[in-house]
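Here's a quick tour for anyone meeting this structure for the first time. We'll look at some aromatic rings, then at a few helices.

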Amino acid sequence: MIDCIAGYHLNPWTCGIAKFNTILAKHLNVPVVGIRAVELGNYQRPLLSLKMSEFSEEDTADLDMWSQAHRGQFDLFFHAFDGSAMEERLLKAAARVSVGNSELYRTLSAIRPDVEEMFCPGTLLNPQRFQRSEISVFTFGMAHKIRVPLYRRLRDLLDATGQSYSVYVSTALHENTSFDGSFVVRFEELQALFNGQVYFMGYLSDTAVYNHLMDCTYLAAFFEKGLRANNTTVNAAMESGCAVITNLDEHSPQGLAHMKNVIDINLCDKLPDVDATQRIGRAAREIAHGTYSWEQLVAQLRTVVRT
């Protein structure tokens, strides 16, 4: 009997097969483990659910050795097949083989006549409808920079309004960074913090971001020390006339003032009403276009550009 699901990529936020494995494991009430993990040796009958094209050469070789040493002691669910000799050896070594579609079934039945044709159901981890609310907060930033303590302060301010609210979390990624475990943990902290009123939006296009900025009540953007003039997220929100909740310090952009054109989370004891929020948004647009616009930046650089 299968006692675990073994996969290569384990983060369901970034890998479709990892998401499939996570949901399948929950339905079967078994754990998900990494094929490369030492823990795999603690299980008697793992189901390997994988696509070999995702593997590095080193990990492919390691799995090849492992499968030959454990012939007949594991099941296999193939999501794709490239026809490599290693894949054929893996097929022959598995006790039971399943595939995700009829094309794979026709391809592999010549190698394993007992192969079973299966399928992959939908993999929505959080099938939630957006609940309409009186206040909407849009927040996005780098995946490794979620400042949970400041979001806790934001939660308290939102609760104090007595109005319903929703928090929409998008994310951006620096090159060579990923949705690692620390981001998942922090996002789960936000979910708990806001009592499930949080929706993860993933990585959004500029068009999607712009529409969120136009529709939301506030943009929340928090930083380790304070807002800086080269933060394009906040500048884009201000250009759009969105009221920004952030944290300021002595190095924040000149001209920004609490309750005038931004809301400083550290100084705020009560969120502004609708009229005041709109006034802050209009003032934010004015300073963004008047002081921190592309025209102003180009004007400063034009004198040193060779014509």
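Ring pairs join Phe130, Tyr168 and Tyr199 into a cluster. Keep in mind that this is a predicted model. Across the structure, the count comes to nine aromatic pairs.

Take Phe130 and Tyr168 to begin with. Their ring planes stand at 90°, with the centres 5.2 Å apart, so the pair is edge-to-face. Phe130 sits in the loop between β6 (116-117) and β7 (135-142), while Tyr168 belongs to strand β8 (residues 165-172), so this pair ties together parts that are 38 residues apart in sequence.

Next come Tyr165 and Phe194. Here the planes are at 80° and the centres 6.3 Å apart, so this pair counts as edge-to-face. Tyr165 lies in strand β8 and Phe194 in the loop between α6 (181-193) and β9 (198-202), so the pair ties together parts 29 residues apart in sequence. Tyr165 is buried, with 4% relative accessibility, and Phe194 is buried at 0%.

Here are the two pairs in brief:

| Ring pair | Distance of centres | Angle of planes |
|---|---|---|
| Phe130 and Tyr168 | 5.2 Å | 90° |
| Tyr165 and Phe194 | 6.3 Å | 80° |

Now for a helix. Helix α5 (residues 148-161) has 14 residues and spans 20 Å from its first C-alpha to its last, close to the 20 Å expected at 1.5 Å a residue. Which residues of α5 are buried? They are Val148, Leu150, Tyr151, Leu154, Arg155, Leu157 and Leu158. Looking down the axis of α5, you'd find these buried residues within an arc of 165°, so they line one face of the helix. An α-helix has 3.6 residues a turn, so residues three or four places apart point the same way. On the other side of α5, Pro149 and Ala160 are exposed. Just after α5 comes Gly162, which takes a positive phi of about 75°.

Last up is a pair of helices. Two packed helices are described by the angle between their axes and the distance between the axes. For helix α8 (residues 232-239) and helix α9 (residues 274-290), the axes come within 7 Å and cross at roughly 115°. From α8, the residues Asn235, Met238 and Glu239 meet Ala284, Arg285, Ile287, Ala288 and His289 of α9.

Definitions and conventions: Residues are numbered from 1 along each chain as its sequence is written. This is a predicted model: local features need pLDDT of at least 70, side-chain atom pairs count only at pLDDT 80 or more; totals for chains, interfaces and linings use all residues. Side-chain values use heavy atoms; hydrogens and water are left out. Axes are lines fitted to C-alpha atoms, for helices over the stretch in contact, and angles run from 0 to 180 degrees between N-to-C directions. Helices (H or I, at least four residues) and strands (E, at least two) are DSSP runs, numbered from the N terminus. Contact means heavy atoms within 4.5 Å. The expected span of a helix is 1.5 Å times one less than its number of residues. Buried means under 20% relative accessible area, exposed over 50%, partly exposed in between (1.4 Å probe, protein chains only). The arc is that of the directions from the helix axis to the C-beta atoms. Rings of Phe, Tyr and Trp (its six-membered ring) pair if their centres lie within 6.5 Å; planes under 30 degrees apart count as stacked, over 60 as edge-to-face and the rest as tilted.
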